[in-house]
Amino acid sequence: MPRPATIHICSECGAGTPKWHGRCPTCGAWNTLVEEQAPSPAAQSERGAGAATPGVPVPLSEVEASRTTRLRTGIGELDRVLGGGLVPGALVLLGGSPGIGKSTLTNMVLGNLQAEGTRTLYVSGEESAEQVRLRAERLGPGALSVPILAETDLQRIVATLQQHGPEVCVIDSVQTLRAADLTGAPGTVGQVREVTAKLMEIAKQRGIAVVLVGHVTKEGALAGPRVLEHLVDCVLQFEGERERSYRELRAIKNRFGSTSEAGLFEMREGGLVEVLDASARFVAEATRAPGSVVLAAMEGSRPLLVEVQALVAPSELEQPRRVVSGIDRNRLALVLAILARHGGRGWSPRPPADVFVNVVGGVRVDEPGVDLAIALAVASASRGTPVMRPGQIAPLACFGELGLTGELRWVGHPQRRLAEAAKHGCHGVIAPTGSGDGAREAGTLREALDLALAPRAGAAPAPARAAA
Ligand code: TYD
Ligand code: MG
C-alpha cells in the first residue's frame, strides 16, 4: 500500500510544500512548517464539485441538550476541579513536569472507576507494562485491575478503542504516540495534533472520556503542542515542587466547569492523598519568624490559608535579584514599588537588596488579595520584626489588594477568608476597609503596616534610607 502523501503547511501564511524547510519558502517565516496529511483526491473532487447541500440552522431553544451524567473519579479534589467528574466524550489534557505524579493520578482514577464497574483502558506509550504494574502495586488492588496497552502506534490504539470500547481511557503520554501517516517524530506539533484529532474523533463518536497526559517544558508551557489546548475540552495543570510532597491541580481551561478551582494533594508511599485540611497544616507550619505572614487566600470557591515568606539580603549585583515562587514576578515588582513610595518610615528594603518571596508548600496564588501579604512579608523581613501581636503566639493573617496610590482595596469573599482564619486560630486578620466583622480594617498600606508591625516599645525609628 503506498504511503499516504503528507504536506507541510506554514502556520503563518498557509502555504503548502511537499518537503519540510526550516524557513517557509513563501513568506520567509522560520520554523512554521507543520506536517499534515494531504487531502485525499476524493475529498478534493467533492469540494471542487461545488454542490454542497446547505445546513439547517436551528433555534438554540430547540436544540436537544441531553443531561450529561458525569463519571465520578472517586478522588474528590479532582472531581471538583473537573466541575463534577469526567464528561463522556470529552478530552481532558493533564499537563505537568516529569515526576510530578501524572501517571500516579491517572492510574488511581482508572483504578477507582474500574473497581466500580466502569470499563477503562490505560494506554502507556512511555513506560512498559511491567513498569506500570510496579507503580500500580503501590497503589492497591483497584489500580491493578486496570487493563493496560503498552503501545505507541496510533492506528493500533484506535483499533483497540473500537474493539475494547472503554468508557474512560488514559493516554500516557500524548507526546509518545505516533501517527504512521506522518513522517515527523513523535511529539512534534504535526504528530501531536494529528494524534489528538484522531482520538477526539473516536472519543466523540463513542462517548469515551479521554485523559491525555502531556509533558510540560521548563518554561511551563505544555511542550510543543500549545495547539492542543484549543482542541481539548479541559486543560488541567499538575504543579508543585518535586522535592516537596504537596501537589496542586488547577484547571486552565474547562468547557464543563470553572477554571478557578484548585485541588491539593500530597504524594505519599501509597500514591496521592487529597489534602483536605490544607489551611490547618500551613498555619501550623508557619514559622512566625520575621518575613513570614499568613495569607487568607481564595482558591476558586474555597478559602485557603497559606504562609508567604520573604527574605531581604544585601545584594552585590548591579541589578538586585527578585526571585519568586508561587506568585507572579511582576506582582512583586509592583508591591515593592508601592512599598517604597507609600509604605513610609523605611519599611521597604534598603537598596541594593535582593528580595526573595515564596509561597510555602509549592502552592501558587494567583489572586489580587496576595498583595498585602507580599508587602507585609517584605516589610517584616526588612525590619527583622515578626508579623504578630505583642505577647501572642498565634499568627496574624492578612489579605487585600494594593492600589498604585497606596490604598488597600477590597477583594472578594472577605467573610469566608475571615471565617477560615478564625477557624484555624489566627489572632486577628488585617483586611481592607469594608471586609466586615472580625477584621482589623486598614484603608491604606501604611495603616496595615502599623497594625501588623507596630514598632517594639523603645525601638528607635528605622534609619533613613541611605542616599543613593
Ligand atoms: P509519576 O506518576 O510516575 O510521575 P509522572 O507521570 O508525572 O512523571 O510519579 C512521580 C513520583 O512519585 C515518582 O518519583 C515516585 C513517586 N511516588 C510516590 O512517592 N508514591 C507512590 O505511591 C507512587 C506511585 C509514586
Ligand atoms: Mg508518567
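The following legends describe close-up views of a predicted model.

**View 1. Helix α10 and its surroundings.** Helix α10 spans residues 329-342, a run of 14 residues. From its first C-alpha to its last, α10 reaches 20 Å, close to the 20 Å expected at 1.5 Å a residue. Its buried residues are L332, V335, L336, I338 and L339. Seen down the axis of α10, these buried residues fall within an arc of 165 degrees, so they line one face of the helix. The face turned away from this buried side carries N330 and R341, which are exposed. The packing partners of the buried residues are the strands β15 (322-325), β16 (353-359) and β18 (401-402) together with the helices α11 (371-383) and α13 (445-452). Just after α10, G344 adopts a positive phi of about 75 degrees.

**View 2. The aromatic pair of F238 and F265.** The model holds two aromatic pairs. In the pair formed by F238 and F265, the ring centres lie 6.0 Å apart and the planes stand at 90 degrees, so the arrangement is edge-to-face. The pair links distant parts of the chain, 27 residues apart: F238 belongs to strand β9 (residues 234-239) and F265 to strand β11 (residues 262-268). F238 is buried, with a relative accessible area of 1%. F265 is likewise buried, with a relative accessible area of 1%.

**View 3. The aromatic pair of Y246 and F282.** Y246 and F282 form an edge-to-face aromatic pair, with 5.2 Å from centre to centre and 65 degrees between the planes. Y246 lies in strand β10 (residues 246-254) and F282 in helix α9 (residues 278-285), so the pair ties together parts that are 36 residues apart in sequence. Both Y246 and F282 are buried.

**View 4. The charged end of R417 over the ring of F399**. The contact shown here involves a charged side chain and an aromatic ring. The charged end of R417 is placed 5.1 Å from the centre of the F399 ring.

**View 5. The three-stranded open sheet**. The strands follow the order β2-β1-β3, and their pairing is antiparallel. Strands β2 (16-17) and β3 (33-37) form the edges, each pairing on one side only. Strand β1 (residues 6-10) is joined to β3 by five bridges, and these two strands run antiparallel. Within this pairing, T6 has Q37 in β3 as its bridge partner.

Methods:
Residues are numbered from 1 along each chain as its sequence is written. Chains are lettered from A and ligands numbered from 1 in the order in which they are written. This is a predicted model: local features need pLDDT of at least 70, side-chain atom pairs count only at pLDDT 80 or more; totals for chains, interfaces and linings use all residues. Side-chain values use heavy atoms; hydrogens and water are left out. Helices (H or I, at least four residues) and strands (E, at least two) are DSSP runs, numbered from the N terminus. The expected span of a helix is 1.5 Å times one less than its number of residues. Buried means under 20% relative accessible area, exposed over 50%, partly exposed in between (1.4 Å probe, protein chains only). The arc is that of the directions from the helix axis to the C-beta atoms. Contact means heavy atoms within 4.5 Å. Rings of Phe, Tyr and Trp (its six-membered ring) pair if their centres lie within 6.5 Å; planes under 30 degrees apart count as stacked, over 60 as edge-to-face and the rest as tilted. A charge sits over a ring if NZ of Lys or CZ of Arg is within 6 Å of the ring centre and within 35 degrees of the ring normal. Two strands pair if DSSP finds at least two bridges between them.
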